[in-house]
Amino acid sequence: MALLYSLCCVSFSALVIVALYVSPVVSTSRRVLGDYGKLENGFRITLKHVDSSKNLTKWERIQRGIKRGNHRLQRLNAMVLAASGDSAEVQAPIVAGNGEFLMDLSIGTPPNSYSAILDTGSDLIWTQCKPCTQCFDQSTPIFDPQKSSTFTKLSCSSDLCEALPQSTCSDGSCEYLYTYGDYSSTQGVMATETFKFDSVSVPNIGFGCGEDNEGDGFSQGAGLVGLGRGPLSLVSQLKEPKFSYCLTAMDETQKSLLLMGSIASANESLGEMRTTPLIRNPSQPSFYYLSLQGITVGSTRLPIKESNFALEDNGSGGVIIDSGTTITYLEQAAFSVLKKAFILEMKLPVDTLSSTGLDLCFTLPSGSTQVEVPKLVFHFDGADLDLPAENYMIADSSSGVICLAMGGSSGMSIFGNVQQQNMLVVHDLEKETVSFIETQCQNI
């Protein structure tokens, strides 16, 4: 089976698939906080792509995202090595870090606004703080805890301090070191503060007040908001069992969205929902692991062993869903089978000359406005995800190529954000499921 991919009129365009329209969610102007910081309703936040303010084409944004994705994949592989004890160089526990989307929020009383990187691959919430011994440049003023009436240092015996991968105690206060997979790090004091998300203020959020922040990739924002499965993350601290996001395509002017709390699944009844269970990896408890059982290209289920996607006893392998990685990476043997299938189905010459950063590209027919591309279905446990053509094929008519937005991995597999675009992706931590609803993000 094949889909038509339109190349009409612009240098980078995609087939428009009829999508499910979703009515607006519950208003976020209402705020009710319980004793434990539980939000009765939840809130929504507009997300910005890290390259949205730059004068770039979609193709250029994809290429920049691929470079960051390769970097992130290396981080993840470093984490696996550290967890399995195969790396003698790692001195501290490490996490994924960074991401592809920014969220605006405020911190303190009075509130100070800044943008933070959203990361579903790590847990800690942190921002740069004065006095800063080592800080990167940021567009907003660095947070000064002495000017906030709601800043409180956390004690060494607090649950959040004990949840840190590495901490020390100084004068009764909890100090942290959080190291990312490329040896970037943030170091400082753990505290609680009032955070404001859109119109909703939430007191007593535990966060890292970073006084020594080093490494690449943080400068897009003034800190990071972890949305992983661990106790330090925003979703865990809010005691809300759900969050969802809808990520727009990179060339769209509409903003992506993050929905927290009960409104995260308010749109479930308005579209076909495909749900798959989450898997736990004790050595990487923050990640959202899924069970990928197979892949179909065209009308053929590919001869890929399920073991290629299996989570190993030592914590290696497996498949995670990640908003912070641009394209999907499959375990190398599985990707080789997929690559051969696309070469067979596309019936176009393979391009070997262009420097796209992608593993598989084809030469576009001269003067073509449409290209047939094979269907692509990911068979997750209980959920067959039939992707729209624009979620896995990207074209650049100026270069005369169309490419598969996927790559190979020597370790774990990652279901990236290009494959998730224009879907409401619901993470239910209570039911331990992930659900997909095809939609258009601007209609949520």
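Contact here means heavy atoms within 4.5 Å, and the model shown in these views is predicted.

**View 1. S354 in its loop.** Let's start with S354, which sits in the loop between α4 (332–346) and β21 (361–363). Leaving aside residues up to four places away in sequence, S354 touches S399 and V401. The C-alpha atoms of S354 and G400 are 9.1 Å apart, although 46 residues separate the two in sequence. S354 counts as partly exposed because its relative accessibility is 29%.

**View 2. The disulfide of C156 and C169.** Here is one of the six disulfides found in the whole structure. The sulfur atoms of C156 and C169 lie 1.9 Å apart, and the link is right-handed, with 90° about the S-S bond. C156 lies in the loop between β7 (152–153) and α2 (159–163) and C169 in strand β8 (residues 167–170), so the bond ties together parts 13 residues apart in sequence. C156 is partly exposed, at 21% relative accessibility.

**View 3. The disulfide of C161 and C174.** Next comes the pair C161 and C174, with an S to S distance of 2.1 Å. Its torsion of about 90° makes this disulfide right-handed. The pair joins helix α2, which holds C161, to strand β9 (residues 173–180), which holds C174. C161 is buried at 4% relative accessibility, and C174 is buried at 0%.

**View 4. The disulfide of C246 and C441.** In this pair the sulfur atoms are 2.1 Å apart. The torsion about the S-S bond is about -80°, so the disulfide is left-handed. C246 belongs to strand β13 (residues 242–246) and C441 to the segment after β30 (433–438), so the link ties together parts 195 residues apart in sequence. Both C246 and C441 are buried.

How values were computed. Residues numbered from 1 in each chain as written. Predicted model: local features only at pLDDT ≥ 70, side-chain atom pairs only at ≥ 80, totals over all residues. Heavy atoms only, no water. Helix = DSSP H or I, 4+ residues; strand = E, 2+ residues; numbered from the N terminus. Buried < 20%, exposed > 50% of the residue type's maximum accessible area, 1.4 Å probe, protein only. Disulfide = S-S within 2.5 Å.
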